[in-house]
There are 2 protein chains.
Amino acid sequence: MFDSERLTEKDVENLKELSRLAKGDIITMTHLAGTGHPGGSISSLDIYLTLFSHANLVGKARDRIVVSHGHTSPGVYSTLARLGHLPVDEVIAFFRKAKSPFEGHVVKGIPFIDWSTGNLGQGLSAGCGFAMASKIKKDGSHVYVLMGDGEQQKGQIGEARRLAKKFGLSNITVIIDYNKLQISGGIEKVMPQNIIENFLSDDWEVIEINGHDYNEIYAALKTARNAANPVCIIANTVMGNGISFMENKEKYHGSPLNAAEYKEAMGILGLDDKLDFYKEKRKGVWTWDPSSDRSDMAIDAGMSFTYNEEDKMDNRSAFGKALKDLGDRNISKGQLVCAFDCDLASSVKTSDFAKAYPDYFFQGGIQEHNTATAAGALSTAGVLTFFADFGVFGIDETYNQQRLNDINKTNLKTALTHVGLDVGPDGKTHQCVDYIGLARNLYNFKTIVPCDANQTDRVVRYAAATKGNFLIAMGRNRWPIMYKADKKPVFGEGYTFQYGAMDVMAEGKDGAIITYGGMVYRALKIREALAAKGMNFAVINMPCVNEIDEKVMTNLVNLPRIVTYEDHNRLTGIAPVITNYLVRKGFKGKFESFGATKYGASGDTDEVMETQGLDAGSMTQAILKMMK
Amino acid sequence: MFDSERLTEKDVENLKELSRLAKGDIITMTHLAGTGHPGGSISSLDIYLTLFSHANLVGKARDRIVVSHGHTSPGVYSTLARLGHLPVDEVIAFFRKAKSPFEGHVVKGIPFIDWSTGNLGQGLSAGCGFAMASKIKKDGSHVYVLMGDGEQQKGQIGEARRLAKKFGLSNITVIIDYNKLQISGGIEKVMPQNIIENFLSDDWEVIEINGHDYNEIYAALKTARNAANPVCIIANTVMGNGISFMENKEKYHGSPLNAAEYKEAMGILGLDDKLDFYKEKRKGVWTWDPSSDRSDMAIDAGMSFTYNEEDKMDNRSAFGKALKDLGDRNISKGQLVCAFDCDLASSVKTSDFAKAYPDYFFQGGIQEHNTATAAGALSTAGVLTFFADFGVFGIDETYNQQRLNDINKTNLKTALTHVGLDVGPDGKTHQCVDYIGLARNLYNFKTIVPCDANQTDRVVRYAAATKGNFLIAMGRNRWPIMYKADKKPVFGEGYTFQYGAMDVMAEGKDGAIITYGGMVYRALKIREALAAKGMNFAVINMPCVNEIDEKVMTNLVNLPRIVTYEDHNRLTGIAPVITNYLVRKGFKGKFESFGATKYGASGDTDEVMETQGLDAGSMTQAILKMMK
């Protein structure tokens, strides 16, 4: 902690010595691995040493640290090792070796590292998420975001600055390693930027220091911690500092030293060369899975709401009501729930929650990149976190942010509204017909598309109570409530949502239409039209668009025809999941997939569907053609 | 053009009258369609009328206009109609009707509209692309980017500002419709932002005006056109201006007037209600496909280079050499060629081109969103345009920018290097194992993954000479040159790349391994290992990862086993293309797909492959298991 006025001479001497040793570690591990980023690791080193020596690293309310320029991992590892938090020899020997946790870019779970990074420009957004967690949990922790200067070019950082200012995140401190070099050369040459003016223009405070003077670093960190605004510390540094021939050479941004250079550098540092020892050690294996350390939550998922047709309830409104109910049930018991929105609250139906829980509702503005990351980070802090947005913004625009969330094993519940051609008149830019195909690439995401308001309610509660990342997709229009023959809602009382289950909406022996979401009621219409022609088709609802329900599919494999029907790109929705299954099961019937085959028109949903041959009439014709 | 000092009184009277009529058009078309954005259309209207009356709209070197807040389309359509460039009645009657070009968000091809928009925050980047085209073609045209105030929150705009400043794009003028409202309310409430300070901090000039005073608009446009720096005009406006009850009400951002309000508004404007006429007319159909108007190019694709193993040529270097050769052959003949890079020139191998053609090389810095869009826009201006970046930045980070490029039918050649687990030690954030799955969602993109340097050379030349968007994917490592039995390169003399063709690398009767890129040489090793066990497998190279080559596949369908093998997410690469084909052809053999099943490790490529069971040893075992 920052209790003293300044560092003692002994403190400084100690840091200097650790810095000398750590520099040796950095150049040794990168030389040994033959890959890595020594230059920036060394320019950031004195900041790391000072910060990790004085931040509060103890207890549940410890400070959170995000290293946004994750490629300076050798600097982080050697700092943590020299401060006794990691084993020195293993860090050096197993850097960038498969199965070891000492990856090329820092990963979450390394002690006191709270966010896996590698993609530049996202770290401040993650820091904002942690700072929001600290504010709403009132735990007094501080968030430090260490950044490179090159990455300041990324626009997402401007978004994060505005968010931090809006929500008064005075508990966040940015430290920029301003070594003035990026891969391709001087930052003034690659992409001139007025970093200080940029921060000031967004109402941050800026402190400029010598990033190799421990007392200046300490004083700035102390001032920043007590400031009323978010503070950015510009630390003027030297790439390769202290190893004369490396200094200010961009070459060493991403290249290890060769054998001769290595020898020379160790000489300059006055350190013994233990390379043979490490080479031998590296032949072994050192595995350790940095735990994802996801805070536990105690979610009361509540009782499901059941809607009837006369309630005129669309899926996104059902989401909004479930969200509000989750707030009601949990917040008063101390299990925090929060929701993020990007200037669409009344469309994505977070308004009720926002009104009831203004302290836990975060309006992120038209800044989707920042919002997706901030929400992802907050979701790892024991707060049940929803991010509601139009499909095209919540996954298309933010795919890489959601990907980094996924790598970080976040616990984010993304509510995508306005997916599909269902969006209608807003046109092709707003018609998200790729969300399933995109999210399928994210190994820890579960995508669910409920088909009516009742199923939506249950899916939202399921996702809330289940750890991990979810994508719950909803359209714009109101889709009819599904009823059983006894006039009771299919997804009402007696129904429990099970991840992976398919719902048999209607049986049939001439074929099956497999579908989901807003196409289910359309498929039932097609079924009727086919019945009028003497054909009896099953209709299967597949809300878990990546999962095969063996129990249901086993029966379908023997049918003469299977059709997938979706409000999604025909190639990347459920069709590949079904064909993958069918080909393995030796399906002998006819298969056809129906979905969007081009960017959509701007018009009423039904008209837009028609232009893609997805209306009930065209579909009936197309299926009848298959019968020939 | 801006020849006079100021507008005459008659000019102003004329604009006032057009504005009155256009306001009627706006509220009529949105009321009629029951959807659309009247508020911002009206606040932007006087800017549109003044700009479209005075910009140079004639000839090849006409000014380019980007309406970034594309939802103000009613304002654009009514302006163009009232200025005689569109038919008034059709614009009103067919707004947001499927098949009509008068979409909810403006689309390219509407007269003088050069970029389809809808996703906020990308317009200035597109404008930068057009301004760069104007600079390198030296045609003296000016670029106007009309923007909303809410969208200023998007970080990509900061990136574009820096690009414009760096490249001295004084031929670009931004006009912000500063009505101070966004969907959810006042911009100060939703996300406070210092727009003027933000622009000034990036060294732009700022002019503040009354956005409803024609002479102020005219004077500012004139000043901006002649300025030495890029200029941002902040036009203070009133949402719903001139219709008292609509003024400054955020409600009318995205909601049309109801019947009573409509009547009242038409009364205020002193206009006759022709609603019945338009309702009747709207029952008809009015189709017109706004031509994509892609400028023709005359590309000399040149003679292919052929490499041998001793050339030690990796695919990305082969790309760099082909790029430089394309520059050599075309630029001197007046067919411009350019390349964009994001601070990775030496890795993505654009350095040779950059050195030879510094005027046509654009270093975009660590600003991928902006770069992808700027490159996309430039590619529509008759300039052969390459965008080279790591896979994870060129498509994962910029998916939504590439999607809007695709909607705009750009002509962009994206060279993705460092795809796959092949990236090795940089670890999971940098291992792009989803590029095929992502790009498959883009209807007009062609994705090609060449398997050696020779095929790369030919693919690059093919993409250069072929209209449309391409993704050419390359790894980090050097992969061996493929040889025929006669010791001549497979993809050397006598080989012509054909889009959609599969290459039979080896025949076999016990099964086939279908693969591409850096897995081809691995598959040949697996084939050898299987041969040692008495199994004879074919190896098929499938560089066009979305295409079935009937000629080749017809034979494979009769094999007892088919395996897909890829350095990509197992679910979203070529496997779905193959299963889709096999299930339709009634394939009776065994099928298995191999690829990445989790985020990758940080280590040597071979080790990383091994952790996913993709090394030759694990693969051979897995295939032998299939034989049982």
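This is a predicted model: local features need pLDDT of at least 70, side-chain atom pairs count only at pLDDT 80 or more; totals for chains, interfaces and linings use all residues.
Residues are numbered from 1 along each chain as its sequence is written, chains are lettered from A in the order in which they are written, and side-chain values use heavy atoms, with hydrogens and water left out.

The contact (heavy atoms within 4.5 Å) draws 102 residues from chain A and 102 residues from chain B. Together the two chains bury about 8,200 Å², of which 51% is on carbon and sulfur atoms; buried area is the accessible area (1.4 Å probe) that two parts lose on being put together, summed over both. Across this interface there are 14 salt bridges, a salt bridge being a side-chain nitrogen of Lys or Arg within 4 Å of a carboxyl oxygen of Asp or Glu. Helix α17 (residues 399-407) of chain A gives the most to the side of chain A that touches chain B, with 7 residues; helices are DSSP runs of H or I with at least four residues, strands runs of E with at least two.

Side chains of opposite charge can pair when their charged atoms come close. One such pair is Arg96(B) and Asp426(A), whose closest N and O atoms are 2.9 Å apart. Arg96(B) lies in the loop between α4 (88-93) and α5 (123-137) of chain B and Asp426(A) in the loop between β11 (412-417) and α18 (435-439) of chain A, so the pair joins two chains. Both Arg96(B) and Asp426(A) are buried, where buried means under 20% relative accessible area, exposed over 50%, and partly exposed in between (1.4 Å probe, protein chains only).

A second salt bridge joins Glu592(A) to Arg584(B), again with closest N and O atoms 2.9 Å apart. This pair runs from strand β18 (residues 590-596) of chain A to helix α22 (residues 575-585) of chain B. Glu592(A) counts as partly exposed because its relative accessibility is 22%, and Arg584(B) is likewise partly exposed, at 32%.

His37(A) sits in the loop between α1 (9-33) and α2 (38-54) of chain A. With 12% relative accessibility, His37(A) counts as buried. Not counting residues up to four places away in sequence, His37(A) touches residues including Arg96(A), Tyr252(A) and Asp426(B).
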